[in-house]
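Hi,

Here's the structure I promised to pass on. Have a look at it first, and my notes on the side-chain contacts follow below.

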Amino acid sequence: MGYIRAVVPLNDFRLFLDMESKANVIVDLSIKLHTMKYKELENESLFQSVKTDGDYVIWGGGCVKVTVKELMDIALYGGGA
């Protein structure tokens, strides 16, 4: 069983995560778009293609793949951790 039940793309490069723990988290990825790993997500259609397998958030069939821990670091610390 994965940690993420569902992921929904929001405006302004934010993600809504519905967690297995029944918590909901909004992650602002706009602060990471200048980095090499997240740069491709500036493409709005790619950003909107987000999916999850429960453990990862995945865009474009795997061209960008992010762990739950990475997303929680961004949500809690702005990605500075």
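First, a definition: I call it a salt bridge when a side-chain nitrogen of Lys or Arg is within 4 Å of a carboxyl oxygen of Asp or Glu. Bear in mind that this is a predicted model, so local features need pLDDT of at least 70 and side-chain atom pairs count only at pLDDT 80 or more, while totals for chains, interfaces and linings use all residues. Residues are numbered from 1 along each chain as its sequence is written, and side-chain values use heavy atoms, with hydrogens and water left out.

Salt bridges

The structure has 4 of them. One joins the side chains of Arg-5 and Asp-18, at 3.1 Å from N to O. Arg-5 sits in strand β1 and Asp-18 in strand β2, so this pair ties together parts that are 13 residues apart in sequence. (Helices, H or I, at least four residues, and strands, E, at least two, are DSSP runs numbered from the N terminus.) Strand β2 covers residues 14-19.

Are the two partners buried or exposed? Asp-18 is buried, with a relative accessible area of 16%, whereas Arg-5 is partly exposed at 41%. The cut-offs are under 20% relative accessible area for buried and over 50% for exposed, with partly exposed in between (1.4 Å probe, protein chains only). Leaving aside residues up to four places away in sequence, Asp-18 touches Ile-4, Arg-5, Ala-6, Ala-23 and Asn-24, where contact means heavy atoms within 4.5 Å.

Another bridge brings together Lys-37 and Glu-70, at 2.6 Å from N to O. That one links distant parts of the chain, 33 residues apart: Lys-37 is in the loop between β3 (24-28) and α1, and Glu-70 is in helix α2 (residues 68-77). Lys-37 is partly exposed at 37%, and Glu-70 is partly exposed at 25%. Glu-42 and Lys-39 also meet in a salt bridge, at 3.0 Å from N to O.

Aromatics

There are 2 aromatic pairs. Rings of Phe, Tyr and Trp (its six-membered ring) pair if their centres lie within 6.5 Å; planes under 30 degrees apart are stacked, over 60 edge-to-face, and the rest tilted. Phe-13 and Phe-47 pair edge-to-face, 5.3 Å centre to centre with 75° between the planes. Phe-13 is in the loop between β1 (4-10) and β2, and Phe-47 is in helix α1 (residues 44-48), 34 residues apart. Both Phe-13 and Phe-47 are buried, and together with Trp-59 they form one aromatic cluster.

Cheers
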